[in-house]
Amino acid sequence: MSQTTSATAQITCGFCKGTGKDPFDLLSEHATCQVCGGTGNVEVVEPVIKCAFCRGSGVYHNTRITCTICNGKGMVPAPQSPTERCPKCEGTGMTIDSAMACLGCKGKGVVSK
Ligand SMILES: [Zn+2]
Ligand SMILES: [Zn+2]
Ligand SMILES: [Zn+2]
């Protein structure tokens, strides 16, 4: 059994920006952030890249729900291979007409070469 090279890291929760509180006071004004559970940090498996779909905000566009691509973390696992900007969405991670997640890159904004 060989060791995997992936390592976990703690990053600031994108959804609450590290406050640990629900940014929209969705449930109550004291609601804890559903993404990080109130800790302000989330664990990711490196390497990660900023989520193109929500631009790292962790928030699904103009809604109060978590980004479906990064689950609110603001970062997504980076593709294993070298990447280039997704030609379908031009790196935005969303379709131009409907603001849904781009099928070409699954919202990451980059695709494997
Ligand atoms: Zn949070
Ligand atoms: Zn996202
Ligand atoms: Zn795309």
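In this predicted model, Glu90 is exposed, because 11 other C-beta atoms lie within 10 Å of its own, and a residue counts as exposed when that number is 12 or fewer. Glu90 belongs to the loop that runs between strand S5 (83–85) and strand S6 (110–112). Although Glu90 and Gly109 are 19 residues apart along the chain, their C-alpha atoms are separated by 7.1 Å.

The table below gathers some values for the chain as a whole.

| Property of the protein chain | Value |
|---|---|
| Span of the C-alpha trace along its principal axes | about 45 × 45 × 20 Å |
| Buried share of the 113 residues | 30% |
| Share of contacts between residues at least 6 apart in sequence that join residues at least 24 apart | 51% |

In soluble globular proteins, nonpolar side chains tend to be buried together. The largest nonpolar core of this model holds 23 residues, and among these Cys51, Phe53 and Ile69 are the ones that touch the most other members.

Which residues is Phe53 in contact with, once its neighbours within four places in sequence are left aside? The partners of Phe53 are then Cys67, Ile69, Gly93, Met94, Ala101 and Gly107, and one of them, Ile69, is also named with Phe53 among the core residues that touch the most other members.

Terms used: Residues are numbered from 1 along each chain as its sequence is written. Chains are lettered from A and ligands numbered from 1 in the order in which they are written. This is a predicted model: local features need pLDDT of at least 70, side-chain atom pairs count only at pLDDT 80 or more; totals for chains, interfaces and linings use all residues. A nonpolar core is a set of buried Ala, Val, Leu, Ile, Met, Phe, Trp, Tyr and Cys residues joined through C-beta atoms within 7 Å. A residue is buried if 20 or more other C-beta atoms lie within 10 Å of its own, exposed if 12 or fewer, and partly exposed in between; C-beta atoms are placed from the backbone. Two residues are in contact if their C-beta atoms, placed from the backbone, lie within 7 Å. Helices (H or I, at least four residues) and strands (E, at least two) are DSSP runs, numbered from the N terminus.
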